[in-house]
Amino acid sequence: MSGKERGLLRIILKNFIASFKPTRQKLIGEDNYGTKYYEIENPRSTRKNSSRYFVPVNKDDHTQEVPVEWEAWLRHRRKDPPSREEIEQNYQLQMIKKRNAAEIEAKYASNGLQKQINQEEYTSFPIYEEYKNYGQDYKVQYDKQKKKEDK
């Protein structure tokens, strides 16, 4: 057995024993919906990044949205968790964008431009008249002289 194989067995044995030792969960924060975010600190682990997870308020609802800031933290795209001020600032920006979108939609709806666009029919591909009924109106035409020769 070479030294590399012993090192591999040592790592496997070390990780197996470490799996039975308790890990420390640290509550990092909570978002506006009440979802709690945790980080597992395990100094004995050989992993580069610590494990991060969240516990939603309604555990049966798997379609719950996670705020963008917290999702970036969960996926290790950012080192530090988001602050309350940052979350509030992004929420205000989101509300401004929604309000502006509603104003633009109301403006174009009052001008009638939206009705014109919806009344016209759009197709995904252009329709050419010469190909519209291709093969349906096809009639075979024989020369009269050929028919006489065949008889």
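**Reading the pocket, the hairpin and a buried arginine**

Guide: The largest pocket has a volume of about 360 Å³. Its lining comprises 13 residues, and those closest to its centre are Tyr33, Pro67, Glu69, Tyr91 and Gln94. Please keep in mind that this is a predicted model.

Visitor: What is the lining of the largest pocket by class?

Guide: The lining has 7 nonpolar residues, along with 3 polar and 3 charged ones.

Visitor: Let us turn to the strands. How do strand 1 and strand 2 run, and how many bridges join them?

Guide: In a regular strand the side chains alternate between the two faces of the sheet. Here strand 1 (residues 24-30) and strand 2 (residues 36-41) run antiparallel and are joined by 6 bridges. Glu30 stands opposite Lys36 in strand 2. The hairpin that these two strands form has 5 residues between the strands, and in this hairpin Gly34 takes a positive phi near 95°.

Visitor: Which residue other than glycine has a positive phi?

Guide: Most residues other than glycine have a negative phi, and most peptide bonds are trans. His76, however, has a positive phi, near 65°. His76 lies in the loop between helix 2 and helix 3.

Visitor: Is His76 buried or exposed, or does it fall in between?

Guide: His76 has a relative accessible area of 30%, so it is partly exposed. The cut-offs are under 20% for buried and over 50% for exposed.

Visitor: Why is Arg52 called buried?

Guide: Arg52 is called buried because its relative accessible area is 17%, and the cut-off for that term is under 20%. Arg52 is found in strand 3 (residues 51-55).

Visitor: What does the side chain of Arg52 reach, and which side chain is joined to that of Arg52 by a polar contact?

Guide: The side chain of Arg52 reaches the backbone oxygen of Arg78 at 3.4 Å. A polar contact of 3.5 Å joins the side chain of Arg52 to that of His76. Leaving aside neighbours within four places in sequence, the residues in contact with Arg52 are Tyr38, Glu39, Trp73, Leu74, His76, Arg78 and Lys79.

Key: Residues numbered from 1 in each chain as written. Predicted model: local features only at pLDDT ≥ 70, side-chain atom pairs only at ≥ 80, totals over all residues. Heavy atoms only, no water. Pairing = 2+ DSSP bridges. Helix = DSSP H or I, 4+ residues; strand = E, 2+ residues; numbered from the N terminus. 1 Å grid on protein atoms, 1.4 Å probe; cavity = no way out; pocket = protein on both sides within 12 Å on 5 of 7 lines; lining within 4 Å. Points joined across faces, edges and corners; volume = space filled by probe spheres on them. Nonpolar A, V, L, I, M, F, W, Y, C, P; charged D, E, K, R; others polar. Buried < 20%, exposed > 50% of the residue type's maximum accessible area, 1.4 Å probe, protein only. Polar contact = N/O pair within 3.5 Å; in protein donor to acceptor, adjacent residues only side chain to side chain. Contact = heavy atoms within 4.5 Å.
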